[in-house]
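Hi,

Here is the structure I promised to pass on. Have a look at it first, and then read my notes below.

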Amino acid sequence: MNYKKITVDYTNLPEWVTFLRNDLNLKGIGVGLIHLKSGKGYRFLHKHKEQEEVYFILDGQGIIHIDGEDVAVSKGDIIKIDPEGKRALKAIEDSDLVALCIGGIPKEGYPQNPDSMSLIDDGIPDYDNPPHWYANDKDVINYLKNLKEKKHPKLKNKL
Ligand code: ZN
């Protein structure tokens, strides 16, 4: 089976950080769900050797202390921190902070194409077999045929 599915309650996460590496058998990315109770924060700063991190603030308000600066964050904010950035999170006094943190390690040779429009440009599209919900859609089939025939400028070097 080429997937793992879990379900969590974002409104009732365990306190501190829940790492999903084992639950999802992750190898190339790190994912953590963060729940800081109001007024609570990380007890130490940290940085990374190589890992880039992106924090998605899902609910509440807090601060992310980065290299001596307190950056205010609230629901909807997305903040990327370079490996060298020394950081720690804290919820403000009257609001819990709920966040998703995703980390990844750079791999030599990526991005392969700076114009790539994908997460990480190692995608291998299948233009011959559309998803079953478009299996009989002539427009989609034609669109995929055009992509396969390299009419899409961004794909000229990819196929
Ligand atoms: Zn980190």
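**What I found**

Let's start with strand 3 (residues 52–66) and strand 7: they run antiparallel and are joined by eight bridges. One of these links pairs D59 with V98 in strand 7. Two strands count as paired here if DSSP finds at least two bridges between them.

Before going further, please note that this is a predicted model, where local features need pLDDT of at least 70, side-chain atom pairs count only at pLDDT 80 or more, and totals for chains, interfaces and linings use all residues. Residues are numbered from 1 along each chain as its sequence is written.

Strand 7 (residues 97–104) has another antiparallel partner, strand 2 (residues 29–36), again over eight bridges. Here L36 sits opposite L97.

Zooming out, the chain has two helices and seven strands, in the order β-α-β-β-β-β-β-β-α from the N terminus. Both kinds of element are DSSP runs numbered from the N terminus: helices are H or I with at least four residues, strands are E with at least two.

Now for the inside. Which residues make up the largest nonpolar core? There are 11: I34, L36, Y55, I57, I64, V73, L89, A91, L97, V98 and A99. Buried means 20 or more other C-beta atoms within 10 Å of a residue's own, exposed means 12 or fewer, and partly exposed is in between, with C-beta atoms placed from the backbone. Of the 159 residues of the chain, 10% count as buried.

Apart from neighbours within four places in sequence, V98 is in contact with Y10, L13, I34, H35, L58, D59 and G60. A contact needs C-beta atoms, placed from the backbone, within 7 Å.

Leaving out neighbours within four places in sequence, its contacts are H35 and K37.

Finally, the domains: domain 1 covers 10–104 and domain 2 covers 110–159, with bounds from an automatic or database domain assignment. Their centres, taken over C-alpha atoms, are 34 Å apart.

Cheers

Technical notes
A nonpolar core is a set of buried Ala, Val, Leu, Ile, Met, Phe, Trp, Tyr and Cys residues joined through C-beta atoms within 7 Å. Two residues are in contact if their C-beta atoms, placed from the backbone, lie within 7 Å.
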